Amino acid sequence: MYQLRQCLSLTALLLCSTGLWAQSFSNLDFEAANPGVGPGPIPGLLSWAAAAPGWNHGGSGGNGDIDFVYQDLPHVGISPWYALLDREAGSSVLQGRYSLSFASGHASSLDPGSAWVPAYLSQTALIPLDARSVQWLGTGPLQLFVNGQALTGVAASPNAWAADLSAYAGQIAELRFQNMALSPQIPVTLDGIAFSTAAVVPEPASVWLLLGGLTGLMGIQRRHRAGL
């Protein structure tokens with residue numbers, strides 16, 4: 001029996017270390033929002049758990065240490081803020097019913113000399129083993145970080161992006177989408193995050209730039225041979 005328990009413990013340790021028992025990412029499309037369950041301190045504000053379950057965030061909710069998300073109220077001041085956009089309430093969303101919008105700002109809502117606080121959404125879980133890329137819908141100065149490393153987003157359309165994630169496949173990793181603006185009240189909007197088995201295809205401009213570079217290199221080689 002002791003040997004069996006040892007074997008089970010080692011198996012559990014192995015599964016955890018390889019990520020097979022790790023938690024999966026959740027609410028990647030923000031459709032799990034439930035505004036009717038978690039009202040904030042006043043009407044028009046939501047608790048974080050009701051607005052964006054599964055996600056962590058950086059910066060204050062816009063009023064000191066109060067952890068809330070705007071639903072129907074505008075933000076006053078220059079501190080970070082987060083807002084749940086609802087198509088049924090007339091907001092412009094990227095897909096489905098809900099998108100999340102957020103802006104970086106100063107630590108003090110009224111003091112432009114206070115520390116700068118970046119706003120971000122993050123979640124740590126298991127990257128699927130067969131994932132080669134991650135895709136998302138986003139607007140504004142939005143940057144994706146994986147375990148603190150910035151990934152280059154390739155535009156598939158004006159609001160659709162993808163980044164190569166193959167180096168992190170099968171690993172437990174943090175995805176962080178950060179608003180990179182250096183001025184307050186410059187929002188980003190995020191939605192539709194999904195892992196894909198498809199590789200990232202370079203933008204057409206990048207392809208032509210690469211071809212142009214290869215053509216120039218071949219020309220230099222031909223001229224060099226001719227000179228010989």
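**Reading loops, rings and cores**

Tutor: Let us start with a residue in a loop: N27 lies between helix 1 and strand 1. Please bear in mind that this is a predicted model.

Student: What is the phi of N27, and in what kind of residue does this value occur?

Tutor: Most residues other than glycine have a negative phi. The phi of N27 is near 50°, a positive value in a residue other than glycine. F30, placed in the loop between helix 1 and strand 1, also has a positive phi, near 65°.

Student: Is N27 buried or exposed?

Tutor: A residue is called buried when its relative accessible area is under 20%. N27 has 11% relative accessibility and therefore counts as buried. F30 counts as buried as well, at 0%.

Student: How many aromatic pairs does a search of the whole structure find?

Tutor: A pair of aromatic rings is described by the distance of the centres and the angle of the planes. The search of the whole structure finds six such pairs. One of them joins F25 and F195, with 5.3 Å centre to centre and 55° between the planes, and this pair is tilted.

Student: Which parts of the chain does the pair of F25 and F195 tie together?

Tutor: F25 lies in the loop between helix 1 (2–18) and strand 1 (45–47), while F195 belongs to strand 15 (residues 188–196), so the pair connects parts that are 170 residues apart in sequence. F25 is buried, at 12% relative accessible area, whereas F195 counts as partly exposed, at 22%.

Student: Why is the pair of F68 and Y70 described as edge-to-face?

Tutor: Planes over 60 degrees apart count as edge-to-face. The planes of F68 and Y70 stand at 85°, with the ring centres 5.5 Å apart, so this pair is edge-to-face. Both F68 and Y70 are buried.

Student: Which residues do ring pairs link into a cluster?

Tutor: The cluster consists of W48, Y82 and F102. A ring may also have a charge over it: the charged end of R176 sits over the ring of Y120, 3.7 Å from the ring centre.

Student: Which residues have the most contacts inside the largest nonpolar core?

Tutor: They are L121, W136, L144 and L190, in a core of 35 residues. Among the elements that give two or more residues to this core are helix 2 (48–51), strand 8 (120–126) and strand 15. A second, separate core has six residues, including F68, W81, A83 and A103.

Technical notes: Residues are numbered from 1 along each chain as its sequence is written. This is a predicted model: local features need pLDDT of at least 70, side-chain atom pairs count only at pLDDT 80 or more; totals for chains, interfaces and linings use all residues. Side-chain values use heavy atoms; hydrogens and water are left out. Rings of Phe, Tyr and Trp (its six-membered ring) pair if their centres lie within 6.5 Å; planes under 30 degrees apart count as stacked, over 60 as edge-to-face and the rest as tilted. Helices (H or I, at least four residues) and strands (E, at least two) are DSSP runs, numbered from the N terminus. Buried means under 20% relative accessible area, exposed over 50%, partly exposed in between (1.4 Å probe, protein chains only). A charge sits over a ring if NZ of Lys or CZ of Arg is within 6 Å of the ring centre and within 35 degrees of the ring normal. A nonpolar core is a set of buried Ala, Val, Leu, Ile, Met, Phe, Trp, Tyr and Cys residues joined through side-chain atoms within 4.5 Å.
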